[in-house]
Structure formats: C-alpha cells, structure tokens
Amino acid sequence: MYTQSFNVPDAPVAAAGPREIKPVLTQEQQQAMDRAQSQFDRLIDADGKIEPKDWMPEAYRKTLVRQISQHAHSEIVGMLPEGNWISRAPSLKRKAILIAKVQDEGGHGLYLYSAAETLGTSRDQMLDALHTGRAKYSSIFNYPTLTWADVGVIGWLVDGAAIMNQIPLCRCSYGPYARAMVRICKEESFHQRQGFESLMVMMQGNAEQQAMVQDAVNRWWWKCLAMFGPPDADSTNSTQGMRWGIKRISNDDLRQKFVDATVPQAKVLGVTLPDSDLKWNETRGQHDYGQIDWDEFWATVNGNGPCNKERLATRVKAHEDGQWVRDAALAYARKQQQRLQQQQEAA
Ligand code: BYC
C-alpha cells in the first residue's frame, strides 16, 4: 500500500515554464511514481475510495483541501444569519429547534475541518485563510436575514439546495469526506423539514404572516439557484473534479434537479416562486427557468455582497474572543500530560 509518506515526487506539471527547475528522478524513483499513479488511477476508475494514507497526486489533494475547507467555512459562517434570530425566535419550541440546528451546522464544520486535516493541512492554516479573506465560503451566507420568515426559508430552500448538492458528495472518492457527508446529509434533511414546517405554520396564519413568507421567498430564491455555482461552461473545476470522482453531478444538473423538486413544494406551501419564465417544459420533462444574475453572484463571491464584511468581522471577533478557551484547554492538556509522565516515572 502506498502512503502519503511514500517518498516520491508528484507527477510532473504540464506546461513547465522555461525557468522551472524539474526534479531529476532516478529511474527507480520514476518507476515508483508511475506505479503509484497507476494504482491511484485504477482505484478511481473502479469507483473505489482513496484513504488518507494512500498515495495521491498533489493536485487531487489540493482540490480536496480547497473544496472541503470551503465547505467547512460555509457551515461555520452559515451559523451567523440564523444565529441572529435565536434570541428573537417567536416561541420556546422554535428557539429550541433553531439552537439545535445552528449547533448542528457548527458540528458539520468541525467534521469537515477534521476531514481536511487528514490531507495534511492544519486547522490554523484553514482558519487563517478564512479570517484573512483568502478562502471562499458559500455566497448564500452574505445576505441578511430580515424577518423570522427568512429562518424558515433558509431551512426550506438553502438547506434544500445544500442537500441536493451534498447527497452526491456521499459518494465522493475521498473516504473521510464521503463518510462525513453521510452524517451531515442526515442532519440537513431534518433542517430542511423544520424550515418547511415552520413556513407551513406561517402560511396558515394571517395575511401579514403570509406576506412575510412570500417576501422572504422572493429575496432568497435566486440566491439559492446561484448557490450551485457558475454554469457548467464557466465551472473551471468541474471537469477534473468529475474525473476524480469528487464531484458526481454538474452544477447545472443539480440546479435543475433543485428547481424541479422545489416547484411542487412551493405549490403545497402556497407561495409563488419569483420567476415569470418558470414553466414546465413537456419536451425536456423539466422546468425552464429564467436568467440568474451572475454579476451579482461574482460580486458576492469576491467579497462585495451585502454582508461579507460583517460576516468576516463577526467570525474574526468570535475567534479572538475564544482565545482564552483554547489557551485554557492547552494548559489543561499540558498539565494532564505532565501528571501522567510523573506517574509513569514514579511507577
Ligand atoms: N459560493 O468551478 P466551480 C450549507 C466558486 S453549506 C462561493 O464550479 P467547484 C449550509 C468555486 O469555489 C453549503 N463560491 O467550483 C450551511 C470556484 O472558486 P475556486 C456549502 C463559489 O468546486 C449552514 C469558482 O466559484 N456547500 O449549505 O467545481 C446552514 C468556480 O466554481 C460558489 C459546499 O461547500 C458559491 N456558491 O464547484 C445552512 C459543498 N460556487 O475555489 C446551509 C461542497 C462556486 O476555484 N462544494 N464557487 O477559487 C461543492 O460542491 C463545490 O465546491 C461547488 C463549486 C459546487 C460549491
């Protein structure tokens, strides 16, 4: 079994510049590298799982670190828009549900940071990338939650979109990510249902409550469609991600599945999806839908959405405020270790 510590360089980078210094490999090293690469390719072609100690090309490792850390950041930043409503939930029942949901998102972030750590990156490196604005996280969390109905709509639509994207990730070729996703998806489906149920209750309420739900749907619908990422033609990472079995279904196909699944749910709820082009296409057996504002999406991804600065500032402050907890935990662990060492020496 090849391992990460197996001492061979990665496959040579294509299109090396004229000044690039290529490592000189002995024949033995080159053969070992070729064997490692063929073993990896065979496993991927057979739809097998790559585990942390298996040899993997550096580009595969980097892609996974990028995607899993972005995913982890999304879960952690995703706690903020809904967290804003914990103190203002309309009843004890809704408050308890919301606290549990936000806590779950924190847990998802932690599983995912752990999965990324198995690829040789550290929690500190990932958090530093987030806090300095170098790392991406989902565009969707840069919009404000203006009313209580937004909390229900996040559950119904944002978590609904998240599940659509995340179910195929349970079959991702990287074992630790795939296994984390199985657990996350189970919890996400509870999140989606609680959102839908909360909106159902509001839709059975008075006209003001119904209008509040419709307004929230109007504000979130297009942002949720954009959440799946750029159109396939502009998705720079898709081809390689699919070749490696990291990504199983394309951005546009997932978006379409989400639209088709959500239209009947909107009917049950009694809300209108804000798209005059949305209609069933008999020939395609799918819904047609209107144009997504990709300029707005990219502005948000690049740090200029309505809440990007606020979200990042809140995360950085939370991290700084928590420094004493990390210091105390480390001091306690050191003390325990010293005590154990003393006991072992005395024995
Ligand atoms: N927001 O080539 P593409 C949740 C970036 S958590 C920001 O298609 P890929 C929840 C993309 O990163 C939801 N950036 O990329 C939590 C890439 O830039 P880089 C988070 C986006 O990786 C709490 C560039 O655009 N889910 O739901 O093939 C409460 C080109 O894109 C976005 C995940 O993270 C976006 N929306 O596909 C409630 C799932 N979309 O990195 C709910 C895991 C694209 O090259 N991630 N970009 O600089 C994935 O499945 C894939 O990474 C994506 C993008 C489908 C998101």
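Which handedness does the crossing of α4 and α6 have? The views below are taken from a predicted model, in which local features need pLDDT of at least 70, side-chain atom pairs count only at pLDDT 80 or more, and totals for chains, interfaces and linings use all residues. Residues are numbered from 1 along each chain as its sequence is written, and side-chain values use heavy atoms, with hydrogens and water left out.

**View A. Packing of helix α4 (residues 92–117) with helix α6 (residues 148–166).** The two helices pack at an angle of about 45 degrees, with their axes 13 Å apart. Axes are lines fitted to C-alpha atoms, for helices over the stretch in contact, and angles run from 0 to 180 degrees between N-to-C directions. Helices are DSSP runs (H or I, at least four residues), numbered from the N terminus. The crossing of α4 and α6 is left-handed (the near helix is turned anticlockwise from the far one by less than a right angle). Arg-94, Leu-98, Lys-101 and Glu-105 of α4 make the contact with Trp-148, Val-151, Ile-154, Gly-155 and Asp-159 of α6 (contact means heavy atoms within 4.5 Å).

**View B. Helices α12 (residues 308–321) and α13 (residues 323–346).** Their axes come within 4 Å and cross at roughly 35 degrees. His-319, Glu-320 and Asp-321 of α12 meet Gln-323, Trp-324 and Arg-326 of α13 in the contact.

**View C. Surroundings of the ligand.** The ligand is surrounded by 34 residues (each with a heavy atom within 4 Å), and the closest are Gln-70, Lys-136, Ser-235, Lys-247 and Asn-251.
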